[in-house]
Every structure is written in C-alpha cells, then in structure tokens.
Amino acid sequence: MVVIIVFIFLLPFQLIYGLSEDKGLVMGVWNNASFITTLGIPNSNLVQFNNFRFNLSPVQTRITSIAAGPERSLYFSAERGIYEISNYSIWNNESFTISPVYRGKSNWVGQIAVDVLSNNIYWCDGLLNWIAMKPLSVTNATTSLTYRVLIDRDLHQPEGLALDPHDGLMFFSENYPRCRIERASMSGNNRTVLLYSGLIRVMSLSLDTEDKRVFWADYERHTVETCGYDGSDRRVLRRMNGVPITGLQFYENVVHGVSPARRTVVGIDANTGDVVYDSVIPMGDPYAVTVFDAAVNTSIIDPCSLIQCQQICVNTPSGPTCLCGEGFLLEADGLSCKVRTWFHDKGLIINNATMFYMLDTRFINGQGGRVPYMVTSSIISTFTVNAHSRLIYFADAKTNSLYELNLFTHRYRLVTSTAPAADLTYDWMTNSLVWIEPDHSSIRTFSLVLGQISTIYSNLQQPTALTVDAQNGYIFWISRASSAILRGSRDRKSPHVVLPSLTSPRHLYYDVSSQRLFWLENGMFIKSCLINGADVKSHVIAFNATNIFVYKDYLGWLNGNQIHFAKQTSVASEVLFNIFATPKEVVVFDPILQSNLQGTCQILNGGCDDICIPTGEGRECKCDAGSQLQSDSTTCSTNVKPDDFLVVTDFSHDRILQIDMITGEMSRLPLTVKKCTGLSLDQASRELLYSDQTLKTIQSFSLLTKNTTVLYTTGFYFAERMAVDASTGHLYFTALSTLSNSSYIGVIHQTLRVHRTLIPNLQTPRAIALYPSKGVLFWTEIGPLPGIGRAYMDGTSREYIVSRDILVPNGLAIDYEANRIYWTDGEKNQIESSDIDGGNRQVLTSDPGALMMDIVVNGQFLFYTAWNRQSVTKINKTTGLNGPFMADNPELGRLDSLDIFADDFLDVNKACSDGEGQCSTFCFPTPSGGICGCQDNVSLLPNNKTCVGAPRCTSDLTGLDLLDCEPSAGLSCRFQCQPGLTLTLNTTLICTPGGQWNVNPDTLCAAATVVFTNEVQSGIFEKYSLYIYIGGGCALLMVLVPVSLLLRRFVCRRKTKEPPRLHYESSVTSESNPYSAFMNRGYENSCMDRPKSGEYNTIAEMMMYEDMKAPGGGTTDPQNPYLKPCDNRDMDTYFIPCTEHTESPYLKAI
C-alpha cells in the first residue's frame, strides 16, 4: 500500500505571466515522484516551472497517468491504485487531501480518464487486459466498492484512453500483439476498429470534442498524430525524432506532451504541427500531463440526472444507460441491480479439504478484500470450474464420486462414481470432465452431454499434473517415471513427448491467453514453452511452491498458507497474502478464458497472415502497408518488381519497401529485419544488401529467389550506410560504434566473406558513395566536425573536400554524367551539389522542417528521404522543383537509407572489373587503375596480387590452357582447349572460396569427333573438323561432276536459269549456321518461293521433279515421310519441307 506524504512548496508568483486564471499544466513526474504545475498555459518557450510542487513518498512511486475532474479535483494513478486530490487549485494549495479511489489496478502504464459529465472514472489495466470504470459519486457502502469491467475480450495491453462524455464515446488503444485504436460507447458496447496499420505503441490519447478529432502519441514511432472520430483524415501532426511521448493533452488548439526520456514538455499546434514551445524540466522525468482549468463550464445538464440508476450511469450515443458493478445483474426495470452470486464474477477459487474460497482479481495487485467461501461435507481431493455456468465440479474422496456445485443455487448434484481421481479438468469445448486415476495409471473422461464415462489412455507411466488445451483438443500431463511432459488428445492419438528428461517437473498448467505450457521445475523455477516444446523460457523463482497457475500476464503459486503473485516478466514474488490453513489447489475463474476462441484473433492470429481485426464474435484479416490481401481473405502478398524501382528502409516499422519509379506505388519486401538504417542494391547479382542493428549483421536478400543469407557479422559495430562497387561486387560501408573516434569505413568481399578496414578512427561517418571509374570514394561525417571526405577506394589519400557551411550531411550521391556530387543537410534542410573536388558549390533546393536524409540520382531527377516526410520526394536536378511521384502516407515510419535499381549506366573501373584485376582477394579501384589488397591482418605476396594464405585452385589442368588468369578463390577464368581437342561444355571456370574449381576441368575438352544427332548443338567447329567436311565435299564433287555430264545428254527440256545458291553462316541460328539454307535452296519459304517447273538449282532436284511427274507420282512417296504436297494445289510441283527432323546437327533453315 502506498503511503503518500505531501510536501508543499509555494514559490513566489511568476508575475511575468500577467494571469489570474486558476489554470495551468499539471505534470506527474518520476525520480523523484512529484507533481509540477505551470502558472497558466504555456504559449512560448518562456515556461516557468516549480511555482507549485509537492512530492510523494516513497520517492520511487511511478505516476503513470493524471486527469482533471470536476469541482477542482485531480486524479492520478500510481502504485496499483487510483487516487484523488480534492480541493485543488493552482494558486492556493495550503490545504488539500489525497484519498484512494480504487485499489487493485495493475502496476503498469495505462491512462485514466474522467467522465466529467456523469462523474465516473475509467482506466486501462495493461496486465489484467481490460478497461474498467467506477462511479466517483459514493452514495453508500455498496457503490464505494462498485466497479465494472467494460471490455476484456480481444484486448491485450490497453494503454491509451480518452472520453467524449457528451457524445457518449470512448477511444482506446491496444498495443499487443499489433497496435490498433478503437472506439466504443462509454458502456463498452459497439466496438469499432478505427486504425490498425502504421502504429506501434500508442500510450496516450486525447480528444478535440468540438472538431471531433482524436490525437495520440506513438511512443515507438516518435510521432504525434491525429484523425477524425471515424478514423478518416489521418495525419502525422509532427514526428518528434528521438523524443518518445508518454503523456498527451489537447487544450485550446494546442497538443501538450511530455517525454521522460528527454525531460521535456512540448506544445504542438493542432492544425499546423508547428512547435509552440519546447522546454526542459530540470527536476525530474515527466511522464503524464493534464490541463487543470477551474473555470471549465460544468453547467451542462448531466443526462444521467434524468434517470435513477442504482449503481452506475453512463451516457452513450443512444442516451443514458444504467450499469451494474461486478457480481451484480441489472434488473428488468433497467435501473436496479441484484447480486449475481455470493462469489465474485471473476477471480481465483482455492480449496482445502472441505471448503472453497474465492479471491477477487484485485488480490493479484495487493488490494485484498472480501473472501466469500462455501463449506462442504465432502473431502475435496481435486476440483475444476465451468465459469460460464458458474459451476464447480469436484472429486469427493469419501465416496469416490464426482459432484457438481451450483454457485447460483448452492446445491450439489452427483455426476458420476469413479475411482480415486486427481487433477480434475474441465474441457469447455466438449463440455466434459477429464481426470487422472492414479491407481490405474489412466486418463478418463466424462461427457456432461451424454452422461457417459470412458477411458482416453491407460497403462501410462505414473501420469500426474493433467491440463488441457480445450481449443485444440490436446491433453498434457507429466510422466513421473520419465520426468517428461507428454501430449495426447481427446481423440486418443498416440501420446507425444513434448519435453523429455526434465528435473523433477510438477504442476503443469496450460494458459489459454499465451497458449503456452507452464510448469514448476526442480521445486523452484517456473518455466514455460509452446505446446510443441519450443521456446522454453524461465520465469519467476518460486521457492517451495506446491501449486502454480497463470492469470492474464500474472503468475501465481501456493507456498504453505500463502499465495504469491508476480508479473510474468518478474524474477521473484511481488505480492503475497496469508490465506487459510492447508490450501490445496487454485483454479482461475473467468468466463472469458473458457470461451470458444476458434475463428477469433486470440487463436493463432485468427489464421490471418498479417493483421487480425476483431469483429463481434469473429475476425477480419487485413494487411499492413505495402501488402495486398489475397482472394482467400487471409493471406497477404507483395509483388516484387524486377527493375525500375527504389528501395527504402522504414526504420520505425522494421521493414524495407520497394517503390515503383513510375507510379510511386510501394510494396513491402518479404524479409525480416530489425532496425535497418543502411542498404544497397547489387544490380549484377540482383541482391539487396542491408544492415540489421539488432543482430549487428549485414544480410543479403535475393530479388530472384527471395532467400536471405547473412553476409557478415559486424560485432560491436553496425553498418550505418553502404554502397556496392559495380566493378567487383565488393560492399563498402560506414561502421558506427558507441566509442569515441572508433568508427570506420570498411569493405567486404561478398564471395570470400572477408573484411578490410579502409579508413579507421572516424567520429560519426554516415553516407558513402563510390566513383569506381575515378577510383575514389566519398563519405560524410555528422559529428562535431561535419564534412564530406574523399579517398581512393583502397582507403589511401584521405582528404576533406567540404568542411565549411555544412551541418548535418545525411545523404550523398554522385551524378556520373555531370561529374558532380549531391548531398542533403538535415539541419539546413537543403540539397547542395559541387564538383567532385568540392568546388563550385550550389544550393539546389530546400525543404523546411523536413530533416532530409538519403539521396540518389537517376537521369534528370533526384530522389530523397526525410524523417519528417512520409514519402520519398522526387525533384528535378536542374531546377530543384518537385515532381509528382509518391503520395504522403501516414502509415510510414522514419525513412532512412535509399537506393535505386534502374536500367541505367553502371560506373565501373575497367582494371578491376576484368577478373578482379587478377587479385586473389580485393581489387581496389584507384585513379591510376586498380590495386590488389587483402583482408585485415593479411599481407600481399611479392607478386602484389596474391594474399598470404589465399585459397588457390590448381592451374595444372589437362587438355586446356588458362588465359591470363590467376586461379585465386572467387575469380572466374577464361580458357581454351589445347590443339586436337574440342570443347565439350560451354561454361566458365570459377575458383570457389574453398579453392576448388566449380566444375571438373578435365571434362571440358575432349578429342574431336563428328556426332550426328537430332538436336541442334552449341559451340564452334574446330579447324580439324572443318578440314574433314571440306575433304568430304571435294570427294562428293568428283563423283557428281561425271554423273551430271552423263545426265545432261538425256535431259533436253530446259536448262537451269539460276546458278546453285548455298548460304553459309556462322552459328546455330538462322543467321549464323553455315548450312542453314541448303535444304530449302536458299529461299525463306519453300512453297512460295521455289523455282517454277523446269527451273532447277541442282541435278538431284531435277531428277526428283521428273520422277514426280511420271504416272503415279502425284502423291507423296509412302517410303519418304518428308515428301508432302504444298498447300497451294495450283502448282504441280512437290517439295521437301525443312523440319527439325531433316536437319543435320548443324543445319537450320532460314
């Protein structure tokens, strides 16, 4: 329990305000816990603090939210409770009181909000996962304890909360597993999801009730944003960039926010997003803020005053509505409340041998309270509950029977007789009971629908600690014989070992909220895993625990006569109570946890591939920005473009986006990345290289295969920006360290995966750009001495070419056509350019307030990113004018690094692009050509090409000679077959990083042979093969000439009008095959362009034609499958069509 001691410090009035109103900002501060107010509402940076301050004790108290109420009241949440400061005034606080309003709220961040119209208070509980409220007007002892949980279904980690009492609306945020903002009536009904994409963690909400707008602060995106009451017209009002906001309050067109991380309070114009004031609070960490204004009009009639609700009244869009607190039901008159049961609506039921006790959920947070109980005449050996029907089922050890206890009627009913039972569990999906019979080592079940008992498993090895996953039909237990956790099923599938050989496992518990198994190991450690045994975690140390349980985000256990509670993220007990003698078991009693969650977002994300949105009793699947929902209504996909695109890192949302260069449309690349700032495209290999700050790695994503691999681990550094040398494929990058002057520029050999430090001892290098044909690289530094540096690409000849009139050079690009460099200045918000030596500087354009980042050049245009712009901007590089490209998208986060993939000129260094300059490891472009280099701590051999210890492939090859190639790892080599041998495989020899050729060189060349096949083959004829063909042709002519002379004596009809025509080409294509025209006599179309009757190109042609004209020759020769009539029957000739079946291996028709 929190003890609050108030120390009042009244300082002299700050007359410079010239104000007499009783209003000002009130901020809840951590370290030390206190409240700070301002005299009046700040409207400039002349904010005066400490005119009134009072401290809380203990000083470690964390004020998580604060809200102003009616009649000079102020409310705040701290240390598991909500408290009221009454009779509050900015000017006079000599006497005031602090009193508790509600105890039992989780010690977690979460806003409170006051219904100033009907005098109710609402709060978020981020660990019990609900939104609750209670009346502030206390009329009797009943209403003083009355509270009501309004929303607890499909809700996890609610934190932001705001009310519009006049419209009867409530707005709230859920931050896990995906953040969304919802709207509901103030009674908790009619939930509607407003926003679900482009959010990370919304911790604070505020409303403009006149213009009907919602304002919120996203703690992870560092933004203050706004939208309409229906979620439309979303805008990023301001991106704070390094200033995470925890508290937010709208008042008179200014949004006031506080940041404990930066110890600041800031005011932002609600229309323009301009900063009204930004001041540092020197005496603590401000976490929450509200506006106190004693003159707020409270004369509006409360709609609830028109009806007489017994317990709670709230205004809703349809008018005032009566509600009842937990444990009560609304009567038929809609006004009165009656007790539901003596037991609480939700909580923990505990038994000893003869009694049941129930603890309210507020016990978990140390509140305590009423403990109802029931006495039985049985000996309770084990029990379970049906929370929906408010039934307790228990095993009576005296009669060996199962009984049902109705909490409404307090009556018992015999369910069935059985052997001694242990670990009784209720399966609400099948409405059946499941238990272990230790004497028979069996698991049995009783259907409450059919009234039948049956055996699920028998002859088990000492089963104990039974628990069920009712949603999936799984049954889990521990085998004491093997110390293993096993999984079976209600349909009696063979048991499966989940985790083997544990150390004395006991007290197994399945939690439906997290869908994990929890157990006690070695008598003290509470552990958990997924139902398949994966992801084992250690949680709280629970000494001498005898029973464990899980409720929402809490763990609990029994230890003797005590019950303990702790958050799942804690390491030890946080709350404990002495209860009663010899407690045995604890069972969670909450209807929401025994609901059919199939088809909802709470089970496996509702089956959705990306975002799951609860809709009534079901769900709807949605996709995040850059993805599209497919026809199955569950799957999200992205279309990866092959070319003409930009890639950009979205640092806030851990994603890399691909943007169409023509349309500006974006797609999310299908890869996983954490905190990426740098990327670069390798156009030759079509791979995207990017940095991962969390893993301290550089990774490679293939645009073709969609596979991701780790290229290099950077250790204590992370890669800020990077660029690929198109000559060699080497990756250059700026590496940042948290240590002073220890950052550097390095390079990675992508094939060998080795690294070299090029320029060490830099302060804060950021952008990097390469000019391989000139042999130089450029980089920017943004530290105390900002500037642009230049060096050879081997790291030598380092110099600074721009060092004056430059503040924060975030981006750098080279225009290879104009021979100029462009850079962005994030402080001046300008784009400048200069010659590559830093001369002839020119300011191209400015973008005030943008905080410009990276930049790339493409043809006549520049593209740049800016932290305060939710798009990539395109401008003309000559005029500096913006061109239509990409619409502003508030779902985007902080855009950092940028690169482009286009069918464009690639700048290369010829000395290094040809076979890596014959270097074994690195070839570094220089102004004079290229120079070889090695990885860190490795030297070159005297030949100045090979590194010591570099893997080499053998050069003693059979049948072939290497052409100007050093066979070092990572290099490709040209070769030629030795005389007398011909090529058998058209390929390239590559020396792999392991020093082995990619193919067996001995198989690449073989003795020349003539092979006739039915397929066209690639390659060229060796000169000896050509001689064979020439000789064969000559012999054929010697035979044909005498024969032709003999035939001419008998053929006198006509003589040939055209000389023979043979078309010789040089390859397998119709334009390059030396024999391609032979079969169709040099004509493109055999039927249409052949000689007329009596016109012949060859003697054989003439003989064939004459035979066809003979009697019986008018049909195709059945012995020759290649003789077919032409389609044009007006011609009386036949031809031989040139098909793939008639060609020789090196013939092809033109």
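**A close look at Ala465**

Mentor: Leaving aside residues up to four places away in sequence, Ala465 touches Asp423, Ile436, Phe476, Trp477, Ile478, His507 and Leu508. Keep in mind as we go that this is a predicted model. Ala465 has its place in strand S41, which covers residues 463-469. Is Ala465 buried or exposed? Its relative accessibility is 7%, and buried means under 20%, so Ala465 counts as buried. Pick out Trp477 from that list of contacts. Ala465 and Trp477 are twelve residues apart in sequence, yet their C-alpha atoms sit 5.4 Å apart in space.

Now let's go over to the cysteines. How many disulfides does the model have? The count comes to eleven, and we can go through a few of them.

Start with Cys309 and Cys322, which are joined by a disulfide with 1.8 Å from S to S. The torsion about their S-S bond is about -80°, so this disulfide is left-handed. Where do the two ends sit? Cys309 is in the loop between strand S25 (285-293) and strand S26 (312-316), while Cys322 belongs to strand S27 (residues 319-323), so the pair ties together parts that are 13 residues apart in sequence. Both Cys309 and Cys322 are buried.

Next comes the disulfide between Cys919 and Cys932, with an S to S distance of 1.8 Å. Why is it called left-handed? Because the torsion about the S-S bond of Cys919 and Cys932 is about -75°. This pair links distant parts of the chain, 13 residues apart: Cys919 is in the loop between helix H2 (910-913) and strand S81 (922-926), and Cys932 is in strand S82 (residues 929-933). As for burial, Cys919 has 1% relative accessibility, so it counts as buried. Cys932 comes out at 11%, and so Cys932 counts as buried too.

Another disulfide joins Cys934 to Cys947, and here the S to S distance is 2.0 Å. The link of Cys934 and Cys947 is left-handed, with -105° about the S-S bond. Cys934 and Cys947 each lie in the loop between S82 and strand S83 (960-963), so the pair ties together parts 13 residues apart in sequence. Cys934 is buried, with a relative accessible area of 3%, and Cys947 is buried as well, at 2%.

While we're on cysteines, look at Cys124 and Cys529. Cys124 has 0% relative accessibility, so it counts as buried. For Cys529 the value is 0%, which means Cys529 counts as buried.

Last stop: a sheet. What is the order of its strands? This open sheet has four strands in the order S60-S59-S58-S80, with antiparallel pairing. Its edge strands are S60 (666-668) and S80 (895-901), each of which pairs on one side only. On average, neighbouring strands in this sheet are turned by 25° against each other, with direction ignored. Zoom in on one pairing: strand S59 (residues 655-660) and S60 run antiparallel over three bridges. Which residue of S60 is the bridge partner of Ile659? That partner is Met666.

Technical notes
Residues numbered from 1 in each chain as written. Predicted model: local features only at pLDDT ≥ 70, side-chain atom pairs only at ≥ 80, totals over all residues. Heavy atoms only, no water. Pairing = 2+ DSSP bridges. Axes fitted to C-alpha atoms, helices over the stretch in contact; angles between N-to-C directions. Disulfide = S-S within 2.5 Å. Buried < 20%, exposed > 50% of the residue type's maximum accessible area, 1.4 Å probe, protein only. Contact = heavy atoms within 4.5 Å.
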